[in-house]
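Subject: Structure handover

Hello,

Please find the structure below, with the sequence. My notes on it come after.

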Amino acid sequence: MHVSQPLVNVVQELQLIENLILEKTSLKIVVTGCILLENGDMLIADHWDKNIVLKPYESGSYYNYIKIRGFPYDLTMIDPDHIAITYGSSGTNILDVIKLSSGAVEKEIPTKQFAKKHFITQDCFGISYWDDKLYVMVETVGIVVLDTSGTALETLPIDTEKGRKIVVFKDRIYYTNRKRTPFIV
């Protein structure tokens, strides 16, 4: 993303275009992740439902639901037709790469490979994609960097016990940690 003006000026020019209201008949909605696709569509992860919600840019109040294996926590766009999903601590110990046009899982990445010892599976929360790599916030392990085939390339051993969100941009990694203030790596 190229910003030609100082960021302060850009932020001052933002205005709310639409107030999105998601309704559900049972339980409640817990939005834990959201991304905008290149075509303007919005994908929303509701951590209390085994779907991700696709809000098309042009359709008004019409929504599509993409059925997934577990309760999604976060998602990131790999390319215009592929996303990667984490499932947090919901017991689904896999990261999925999903083809949006079909809703099919194209790749399953087991979290067992992220464990420090004893082959214990690890909970994965935030996920971000940048420069052909996935960056995953793995609780008690750190930030794990994966190639697009799902192979772990390296682990940044930082305190992620309460870490939940991550964004990668150029040579920076931004993440949250509920024990401390936000960090830049």
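Overall make-up

The model is a predicted one. The protein has one helix and 15 strands. Of its 185 residues, 39% count as buried. Taking contacts between residues at least 6 apart in sequence, 32% join residues at least 24 apart.

Strand β7 and its partners

Strand β7 covers residues 94-99, and five of its six residues are buried, so the strand is largely enclosed by the rest of the structure. It pairs with strand β6 (residues 82-86) in the antiparallel sense, over four bridges. In that pairing histidine 82 stands opposite lysine 99 of β7. β7 also pairs with strand β8 (residues 104-110), again antiparallel, over six bridges. Here valine 97 stands opposite lysine 107 of β8. The two strands β7 and β8 form a hairpin with four residues between them. In the turn, glycine 103 has a positive phi of about 80°.

β11 (142-147) pairs with strand β12 (residues 152-156) in the antiparallel sense over four bridges. Leucine 146 stands opposite alanine 152 in β12. This hairpin has four residues between its strands, and glycine 150 takes a positive phi near 100°.

Most residues other than glycine have a negative phi.

A buried glutamate

Is glutamate 139 buried or exposed? Its relative accessible area is 17%, which is under the 20% limit, so it counts as buried. What does glutamate 139 touch, leaving aside residues up to four places away in sequence? The list is Gln122, Asp123, Phe125, Thr160, Glu161 and Arg164. With arginine 164 there is a polar contact of 3.4 Å between the side chains.

The largest pocket holds about 640 Å³ of space. It is lined by 22 residues, of which Ile35, Thr76, Ser128, Tyr129 and Val167 are the closest to its centre. Four strands each supply at least two residues of the lining: β1 (31-36), β5 (74-79), β9 (124-130) and β13 (163-169). β5 gives the most, with six residues. By class, the lining of this pocket divides into 16 nonpolar, two polar and four charged residues.

The second largest pocket has a volume of about 360 Å³. Its lining consists of Gln15, Ile17, Glu18, Leu20, Leu36, Gly40, Met42, Lys55, Pro56 and Tyr57. These divide into six nonpolar, two polar and two charged residues.

Cavity

How many cavities of 30 Å³ or more are there? The count comes to one, and the volume of this largest cavity is about 40 Å³. It is lined by Thr86, Tyr87, Gly88, Thr92, Asn93, Ile94, Leu95, Thr111, Gln122, Asp123 and Cys124. In that lining there are four nonpolar, six polar and one charged residues. Ile94 and Leu95, both named in the lining, fall within the residue range of strand β7, 94-99. Gln122 and Asp123 line the cavity and are also among the residues that glutamate 139 touches.

Regards

Technical notes. Residues numbered from 1 in each chain as written. Predicted model: local features only at pLDDT ≥ 70, side-chain atom pairs only at ≥ 80, totals over all residues. Heavy atoms only, no water. Buried < 20%, exposed > 50% of the residue type's maximum accessible area, 1.4 Å probe, protein only. Pairing = 2+ DSSP bridges. 1 Å grid on protein atoms, 1.4 Å probe; cavity = no way out; pocket = protein on both sides within 12 Å on 5 of 7 lines; lining within 4 Å. Points joined across faces, edges and corners; volume = space filled by probe spheres on them. Nonpolar A, V, L, I, M, F, W, Y, C, P; charged D, E, K, R; others polar. Polar contact = N/O pair within 3.5 Å; in protein donor to acceptor, adjacent residues only side chain to side chain. Contact = heavy atoms within 4.5 Å.
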